[in-house]
Amino acid sequence: MDPGLLPRPGRGDPVRRELGPETGVPRDRRSPAGDPEVPAVACSATYTVQNRWTTGFTAQVSVRNTGNAPLNGWTLRWTYAADERVTQAWNATVTQSAAEVTASPLSYNAAIPRAVRPSSDSTGAWSGAHPPPAGIRCDATAS
């Protein structure tokens, strides 16, 4: 047996351990005869501060279809750690309640083919520190 392959107890198909591209955490890569390695519906997102000044900032949030099927909707959720608030957004409908932010697609960018990454830009205001959100949760809807 190939030394990079590990037996799967009770399943019979070997599994190759590799690092996931987004996280660097080991993940199973199934052999061609095994189960698919990618969920049918999944997405991920990144949040990047593009510019900041004394009382504001601009940020870009990118959504990526990481599943093996097209998406027909997505919702992003993140929590600001300081006194940030979204004051304007493009390419998404953004709502905020206290530190909790939700972004959802507009009619023209709800569908995302496999491995495509549309983005949304926003302008915000802040006072004091401006740490980026610790993580963004992405919920996807199948086509």
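**Asn91 sits in the loop between β7 (85-90) and β8 (93-97).** The model is predicted: local features need pLDDT of at least 70, side-chain atom pairs count only at pLDDT 80 or more, and totals for chains, interfaces and linings use all residues. Residues are numbered from 1 along each chain as its sequence is written, and side-chain values use heavy atoms, with hydrogens and water left out. Asn91 is not a glycine, yet its phi is positive, about 65°. Its relative accessibility is 26%, so Asn91 counts as partly exposed. Here buried means under 20% relative accessible area, exposed means over 50%, and partly exposed lies in between (1.4 Å probe, protein chains only).

**Ala98 occupies the loop between β8 and β9.** Ala98 also has a positive phi without being a glycine; the value is about 55°. Ala98 counts as exposed because its relative accessibility is 70%.

Helices (H or I, at least four residues) and strands (E, at least two) are DSSP runs, numbered from the N terminus. The order along the sequence is β-β-β-β-β-β-β-β-β-β-β-β. Of the 143 residues, 29% count as buried. The chain exposes about 8,200 Å², with 53% of it from carbon and sulfur atoms. Areas come from the Shrake-Rupley method with a 1.4 Å probe; for residues, only the protein chains shown count as cover. Take the contacts (heavy atoms within 4.5 Å) between residues at least 6 apart in sequence. Of these, 61% join residues at least 24 apart.

**β4 and β5 form an antiparallel pair with 10 bridges.** Strands pair if DSSP finds at least two bridges between them. Across the pair, Tyr47 faces Val61 of β5. Thr48 is placed in strand β4. Its relative accessible area is 42%, so Thr48 is partly exposed. Beyond four places in sequence, Thr48 touches Thr58, Ala59 and Gln60.

**The largest nonpolar core holds 18 residues.** Such a core is a set of buried Ala, Val, Leu, Ile, Met, Phe, Trp, Tyr and Cys residues joined through side-chain atoms within 4.5 Å. Tyr47, Val63, Leu76, Trp78 and Tyr80 touch the most other members. Two or more core residues come from each of β4 (43-53), β5 (56-65), β6 (71-79), β9 (100-104) and β12 (136-142). Leu76 illustrates the packing. Setting aside residues up to four places away, Leu76 touches Ala45, Val61, Val63, Val101, Thr102, Ala103, Ile136, Arg137 and Cys138. In soluble globular proteins, nonpolar side chains tend to be buried together.

**Tyr47, Phe57, Trp78 and Tyr80 are linked by ring pairs into a cluster.** Rings of Phe, Tyr and Trp (its six-membered ring) pair if their centres lie within 6.5 Å; planes under 30 degrees apart count as stacked, over 60 as edge-to-face and the rest as tilted. The count of aromatic pairs is four. In one of these, Trp78 and Tyr80 have ring centres 6.3 Å apart and planes at 85°, so this pair is edge-to-face. Are these two residues buried or exposed? Trp78 is buried at 4% relative accessible area. Tyr80 is buried at 3%.

**One disulfide is found in the whole structure.** The link is between Cys43 and Cys138, with an S to S distance of 1.8 Å. Cys43 belongs to strand β4 and Cys138 to strand β12, so-called distant parts of the chain, 95 residues apart. The criterion is a pair of cysteine sulfur atoms within 2.5 Å. The angle about the S-S bond is -110°, a left-handed link. Cys43 and Cys138 are both buried.

**Thr79 lies in strand β6.** Thr79 has a relative accessible area of 35% and is therefore partly exposed. Which residues does Thr79 contact, leaving aside neighbours within four places in sequence? They are Ala99, Glu100 and Pro133. For Thr79 and Pro133, 54 residues apart along the chain, the C-alpha atoms are separated by 5.8 Å.
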